[in-house]
Amino acid sequence: MNIRSLPIKNLKKKPGRTAVLLILVIFLSFAVFAGSVTVSSLGNGLSGLERRLGADIIVVPSSARSHVDLEQMLLSGTPGYFYMDKSNLGKVLSVEGVEKASPQYFMASVKAGCCSLKTQIIGFDPDTDFSVTPWISESYQSRLETQDVVVGSDITVPVGGRVRFYDVNCNVVAKLAPTGTGLDTAVYANDDTVKILMQAAADKGMAQTEGDPDTLISAIYIKVADGYDVQTVADYINIYMKKVEAVPARSMLSGISDSLSGISDTIKLLVAAVWILAFVIMIIVFSGLVNERKKEFAVLRVVGMSRKMLARLILTESLILSVIGGVIGIALGAAVVFPFSAAIEARIGLPFLTPGAGTVILLAALSLVAALVAGPAASAYSAYKLSRVDTGVILREGM
Amino acid sequence: MKKRKYIALDAALVVLTALLTIGALTFFSPCGIHDDGTYGTCHWAGAAAAGIGAVMLVLAVIHLIAGSQTAKKFVAVSMIPSALLSALIPGTLIPLCMMAGMRCNAVMRPSVTIISIVIIIIALLDAVLRHRLEKSGDKR
């Protein structure tokens, strides 16, 4: 008899028992891996959103909140629009503490014969912009020409393709890196392109404003100079400028941050609960096997196996189950979290950006370690008990 | 009565192909009708995936009731290109909607792809095991 092959033969001999233990390890490693990737993705989503906003304060018309959900529109890319007079830009630039200010133009396309997709179109001034250009320059170094657009990562039109808004064809010249937020569905263009689209919408009877596009802007993105307090600058604008509202970006993010923290804590708690539950069930299953396997171990003692070898046999069996179950659980977790990340993001309504390969490999390794620890640890007591079976008593009882 | 070999693989192929067929029409169906009353191409991608799923379901049932290991092996092999085709339908052979977050991209495509890949793996495993059985002379 080859002792090295004994653990595998034991596992094969009792397929029911092996399957139960394997399912427990799969469940455990699935929960640990899928849970940790989800928590990591939520954290990535928030930091991606913070980086993408790039502004300290966003100034919008004071009537904006009555038309749209401001946070949803600015942070989640929900199509919407509002406009204010362009003269506000000059007033904002004269406020002490404002280092940079750049206008943006919002437009919503419709899903109809005139447009290939319903999305938020964001126009910016390439000469003054500091919030969109750094992102675009990662994928596109040239200057955006009229009717050129850069699309978010969630728009599946390839670079070099075309999208049509209000029967105006626009060239997709680049695609942005994902942020894990609704902003990944937005389309970015220069101010001239947006004005052409606004005119095209008006020509089709779908005007989004009565005013002259040349005199209107939607929002002003502000970078506050070093040494100035963001809240103080925002308060100053709110007090001294009429018909506008200055919103500190941090205050918009705080709601999302709170929700993310709540969900992350819940997931961590669930993962811990699943791990403990599966671990306890495994201890119970292994303990239940002590009586069932007493005779088998007594015979092995008679044929010359030492107590240490018996303990090692049990631990090897549980280690084999842990490796196989751990790998299957991690593979299942990956098959659920990564392909369905867009569905998860849509379902929870929060930024969700899956981590990079390095982090995923690290999380997979940690999940495998969690499974490798759980199996042998759960079987340790049973290994101790079985290795100390009184061979004579057991065999006499069986006779 | 002789014990059937690898009945779990027979059952898995029937269940997965049924899941693909029914799922593509129901719980992971593509986007619905658009605001302007038209269907997107993703609708037809869903219909095609369901159609190929139905063909594979028939093959899986034939595989289940077939008596010889040789017949089972060849039916399993024939399912591999069919499953590959169904995996390629959404997004590769038939374009889906332009937003990654839309139902066809977020739910239907990964579901069809994953189920198809699992079918390929099981069919391949089944064919290999049946081939080994054949070689060893066990014709049950």
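Student: How many residue pairs are in polar contact across the interface of chain A and chain B?
Tutor: Keep in mind that this is a predicted model. Across the interface of chain A and chain B there are three residue pairs in polar contact, counting pairs with both residues at pLDDT 80 or more. The search for salt bridges across that interface comes back with zero. As for the kinds of residue, the side of chain A that touches chain B has 10 nonpolar, five polar and three charged residues.

Student: And how do I read the size of an interface?
Tutor: The size is often given as the accessible area lost when the parts come together. Here chain A and chain B bury about 1200 Å² between them, with 69% of that on carbon and sulfur atoms. On the chain A side, Lys111(A), Thr156(A) and Phe340(A) lose the most area to chain B, and together they make up 36% of what that side buries. Counted as contacts, 18 residues of chain A meet 14 residues of chain B.

Student: How much area is buried between domain 1 of chain A and domain 2 of chain A?
Tutor: You can read this one like the chain interface. About 500 Å² is buried between the two domains of chain A, and carbon and sulfur atoms give 58% of it. Gly48(A), Glu345(A) and Leu353(A) supply 61% of the area that domain 1 buries against domain 2, more than any other three residues. In contact terms, eight residues of domain 1 of chain A meet seven residues of domain 2 of chain A.

Student: Which polar links join the two domains?
Tutor: The count of salt bridges between domain 1 and domain 2 of chain A is zero. By class, the side of domain 1 that touches domain 2 has five nonpolar, two polar and one charged residues.

Student: Where should I look for a salt bridge, then?
Tutor: Side chains of opposite charge can pair when their charged atoms come close. The structure holds seven salt bridges over all chains. One of them joins Arg143(A) and Asp127(A), at 3.2 Å from N to O. Arg143(A) lies in the loop between α6 and β5 of chain A and Asp127(A) in the loop between β4 and α6, so the pair ties together parts that are 16 residues apart in sequence.

Student: And how do I describe two aromatic rings?
Tutor: By the distance of the centres and the angle of the planes. There are seven aromatic pairs over all chains, including Phe82(A) with Phe106(A), which is edge-to-face at 5.6 Å centre to centre and 85° between the planes. Phe82(A) sits in the loop between α4 and β2 of chain A and Phe106(A) in strand β3, so this pair links parts that are 24 residues apart in sequence.

How values were computed. Residues numbered from 1 in each chain as written. Chains lettered and ligands numbered in written order. Predicted model: local features only at pLDDT ≥ 70, side-chain atom pairs only at ≥ 80, totals over all residues. Heavy atoms only, no water. Contact = heavy atoms within 4.5 Å. Buried area = accessible area lost by both parts, 1.4 Å probe. Salt bridge = Lys/Arg side-chain N within 4 Å of Asp/Glu carboxyl O. Nonpolar A, V, L, I, M, F, W, Y, C, P; charged D, E, K, R; others polar. Polar contact = N/O pair within 3.5 Å; in protein donor to acceptor, adjacent residues only side chain to side chain. Phe/Tyr/Trp six-rings, centres within 6.5 Å; stacked < 30°, edge-to-face > 60°. Helix = DSSP H or I, 4+ residues; strand = E, 2+ residues; numbered from the N terminus.
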